[in-house]
Amino acid sequence: MTATSAGQEPTISWTLTWATARRVLAQLRHDPRTIAMMLAVPALLMILLRYVLDNPLALDRFAPEFIGIFPFVVMFIVAAITTQRERARGTLERLMAMPLAKLDLVVGYAIAFGSVACVQVGVVLAISLTWLGVQLPGSVVPLAVVSVLDALLGMSLGLFASAFARTEFQAVQFMPAFVLPQALLCGIVVARDHMTDVLRWLSDVLPMSYAVDAMQQIAAGASWSGLVIKDIGVILGFTAAALIGGALTLRRRTA
């Protein structure tokens, strides 16, 4: 639980990890605007999509993809801003002065935001499948699982991106750099099979491509097909890599 020698990182402690998660959740409870953004914005965007398309068949076709993308974008922004705010205020530096492993901190954040992501996706799915009348060819379970994983992916990338920002405004500016290229190349605007070789290669190394591909497979009725399982594995891999990258960027002292 503690370091065995000076300068050695302590191993992960689930007691400290859960304490970190509870602290983050307590902070979120006292920030109603952030809670409203995380829970309400994806649902409002789905409602907007419904009336923009104004076609039940088109909504059934595109809704699953956006049910995953909207939480991804919102969680990226919230995680990046929240983490950068704690960096700027010195909260992370004070925490890192304690016998707290970097992974304790990062995994604690992931658990806290992941809990919110589950609620967020639940709200979006409830509104989409009831009020908006989205029809799925199969079970809602794979759609819910991939949507939560997409939100966690956005959260982990937000944590990672926050390391390169010096202010909350810069953290917001990373959203176009991290998210918009992925949105253009993930297969929503143009099918990935129809892209040039260079664009297809870029698409293959971006995590949102696999999130959208999984949603497209589910929308087509594939449910737990081999392709969906493969996409889920890639999403989990990117999420883990981003969390590890975020842990590596944490410093014991602010430069």
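Bear in mind that the model is predicted. The chain has 11 helices and zero strands, and its radius of gyration is 19 Å against the 18 Å the globule rule gives for 255 residues, so the chain is as compact as a globular protein of that length. The helix pair to look at is α6 with α11, whose axes sit 8 Å apart.

**Overall fold**
- The C-alpha trace spans about 60 × 40 × 35 Å along its principal axes.
- Of the chain's 255 residues, 46% count as buried.
- Take the contacts between residues at least 6 apart in sequence: 78% of them join residues at least 24 apart.

**How α6 and α11 pack**
- Helix α6 covers residues 141-162 and helix α11 covers residues 226-249, and the two pack at an angle of about 25°.
- Angles under 35 degrees count as roughly parallel, and α6 and α11 are therefore roughly parallel to each other.
- The crossing of this pair, α6 and α11, is left-handed.

**What makes the contact**
- On the α6 side, the contact uses V146, L149, D150, L152, L153, M155, S156, L157, L159 and F160.
- From α11 come I232, I235, L236, F238, T239, A242, L243, G245, G246 and T249.
- Sorted by class, the α6 contact with α11 has 14 nonpolar, five polar and one charged residues.

Methods
Residues numbered from 1 in each chain as written. Predicted model: local features only at pLDDT ≥ 70, side-chain atom pairs only at ≥ 80, totals over all residues. Heavy atoms only, no water. Axes fitted to C-alpha atoms, helices over the stretch in contact; angles between N-to-C directions. Helix = DSSP H or I, 4+ residues; strand = E, 2+ residues; numbered from the N terminus. Parallel < 35°, antiparallel > 145°, perpendicular 65-115°, else oblique. Left-handed = near helix turned anticlockwise from the far one by under 90°. Contact = heavy atoms within 4.5 Å. Nonpolar A, V, L, I, M, F, W, Y, C, P; charged D, E, K, R; others polar. Rg over C-alpha atoms; globule rule 2.2 N^0.38 Å. Buried < 20%, exposed > 50% of the residue type's maximum accessible area, 1.4 Å probe, protein only.
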